[in-house]
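Here is a briefing on the structure shown below.

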Amino acid sequence: MSENTLSDAIRELAFQMEEKEKRASELIIANKELVFQNEEKEKRASELIIANKELVFQNEEKEKRASELIIANKELIFQNEEKEKRASELIIANKELIFQSEEKEKRAAELIIVNKELESFTYISSHDLQEPLRKIQTFATRLIADESQNLSDKGKEYVLRMEDASNRMQSLITDLLAYSRTVTSERKFETTDLHIIIEAVKDDFKELIAMKYANIEAGEMCDAHIIPFQFRQLMHNLIGNALKFAHPDTPPHIIVKSRNVKGSDVEGQKFLSEKEYCHITVSDNGIGFEPQYKDYIFELFKRLHDQEKIAGTGIGLTIVKKIVENHNGTITAAGELNKGACFDIYIPAN
Amino acid sequence: MDLRKGKNIFLAEDDADDRMFFEDALKQVAITTHLTLANDGLELMSNLETVTEPPPPDVIFLDLNMPRKNGFQCLEEIRNTHKLKDIPVVIFSTTDNEDAVNRTYQQGANHYICKPRSFELLVEAIETVLTLEMWQKPQPPKEKFVLAFT
């Protein structure tokens, strides 16, 4: 081997050595890098574990929610079905209501017709029934005035009884007419001074009042919200009754009073406690009645006395009650035999 | 002035009984009268048409509810006819209905008798009406009033 070759070999070796050292240091660096990367990966791995656990938890939660939602959904479907059922029920109910409404309209229209018929009945009673009766009455007066000398005592008696009966029929027609008027006539309320009504009724009875020495006294009085012509009929009937059923030995003393009271101050009535009522009383010192008849006397054609003793049609107090009802009020009667009667009327003050 | 001087009277009344009552009652009134009867309004108007040469009617009595021509129609025609318009008209009717009464006064009726239920009262009503001072000079009454005997 030559010297050159040797030195070349030595250099070559030195060079390889250097190279190896370089590589070794590079490897150290690379190794450190790897260690670092490894640590990083472990860090990430543990982070992923945590994240994974979180995801598992969230997943479970979501499943829970999902099953809850399924239940809720089923509930909604059920409710929806129920609502549809209710809706169809409501449609049926609605149809029923429409039908009922139509029926009511029909009934209302029928009532209007019936009312008109009643009005024409009123006219028929006032005119057509009265006409023949008036003739009978007039002929009876003529028989007595012009033909008495041709009649036996019995015949005269018959004519008088006939006259009596036709007068009773006239009272009946007049009273029935008054009754049907309380049903059919227009109801126009006005604030009215009761004195005016009482004065008018006193005028109706002025002859009877003079004959019986009656005293009709208007006590404390307030204005009343009433249908004036109906209330006049009411007072006419009540005062007329008080005069008719007077004590034979005592002049009639009739007291009419009225004042406003609160519902809460009235006993024995179902009144609104804060509402104002007009309390009207008509009391007398006449023959009265037995307390057990206090409701009976208001019924149609119910009388307590013999027609021979005290004339009457049995309609008067029924009219009175009807008129009070037309005023949304109540009427009660109190009495004792031979100790007078008292009528209490309550009507709304406004 | 003689309130009881003879009267020329016209009556329109469709009811036979009421015509008889009226005629008989008139005979009992202490006034000489001449009565021309009509069975309804149409007959009355034709009577008035033909019999208005002197003496003209002193009073016309008019029922309200009559066939062919009722009392309201007659009254209207009388008041719209020149030669009849000043003749006093007395309504003689069963009805005491306030609206009917008012309507006759509005149409120019001078008096209203609601047919009574006794013959004496009818005589009294006719006599009262015939002897009223206002008939001496036909003129509308100052105050409307109704003779209602019921």
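Helices (H or I, at least four residues) and strands (E, at least two) are DSSP runs, numbered from the N terminus. On that basis, chain A has 7 helices and 7 strands. The model is predicted.

**Chain A overall**
- From the N terminus on, the order of elements in chain A is α-α-α-β-α-α-β-β-α-β-β-α-β-β.
- Chain A has 350 residues, and 19% of them are buried.
- Take the contacts in chain A between residues at least 6 apart in sequence: 72% of these join residues at least 24 apart.

**The sheet in chain A**
- Five strands of chain A form an open sheet in the order β2-β4-β5-β7-β6, and the pairing is mixed.
- β2 (215-218) and β6 (330-335) of chain A are the edge strands, each pairing on one side only.
- From one strand to the next, the twist averages 15°.
- Strands of a sheet pair through backbone hydrogen bonds, either parallel or antiparallel.
- β2(A) and β4 (residues 253-262) of chain A run parallel and are joined by 4 bridges.
- A:N215 stands opposite A:H253 in β4(A).
- α7(A) lies across β6 and β7 (341-348) of chain A, and runs at about 140° to β6(A).

**A loop residue, A:E290**
- A:E290 sits in the loop between β5 (276-283) and α7 (316-326) of chain A.
- Is A:E290 buried or exposed? A:E290 is exposed, because 11 other C-beta atoms lie within 10 Å, and the cut-off for exposed is 12 or fewer.
- A:E290 and A:N338 are 48 residues apart in sequence, yet their C-alpha atoms are 8.8 Å apart in space.

**Helix α5(B)**
- α5(B) has 12 residues and spans 17 Å from its first C-alpha to its last, close to the 16 Å expected at 1.5 Å a residue.
- The buried residues in α5(B) include B:F119, B:L122, B:V123, B:A125, B:I126, B:V129 and B:L130.
- Why do these residues lie on the same side of α5(B)? They cover an arc of only 165° around the axis, which puts them on the same side of α5(B).
- An α-helix has 3.6 residues a turn, so residues three or four places apart point the same way.

**Contact between chains A and B**
- Chain B gives 9 residues to the contact and chain A gives 10 residues.
- On the side of chain B that touches chain A, α1 (16-28) and α5 (119-130) of chain B are the elements that give two or more residues.
- That side of chain B has 4 charged, 3 polar and 2 nonpolar residues.

Notes
Residues numbered from 1 in each chain as written. Chains lettered and ligands numbered in written order. Predicted model: local features only at pLDDT ≥ 70, side-chain atom pairs only at ≥ 80, totals over all residues. Buried ≥ 20, exposed ≤ 12 C-beta atoms within 10 Å, placed from the backbone. Contact = placed C-beta atoms within 7 Å. Nonpolar A, V, L, I, M, F, W, Y, C, P; charged D, E, K, R; others polar. Expected span 1.5 Å × (residues − 1). Arc of directions from axis to C-beta. Pairing = 2+ DSSP bridges. Axes fitted to C-alpha atoms, helices over the stretch in contact; angles between N-to-C directions.
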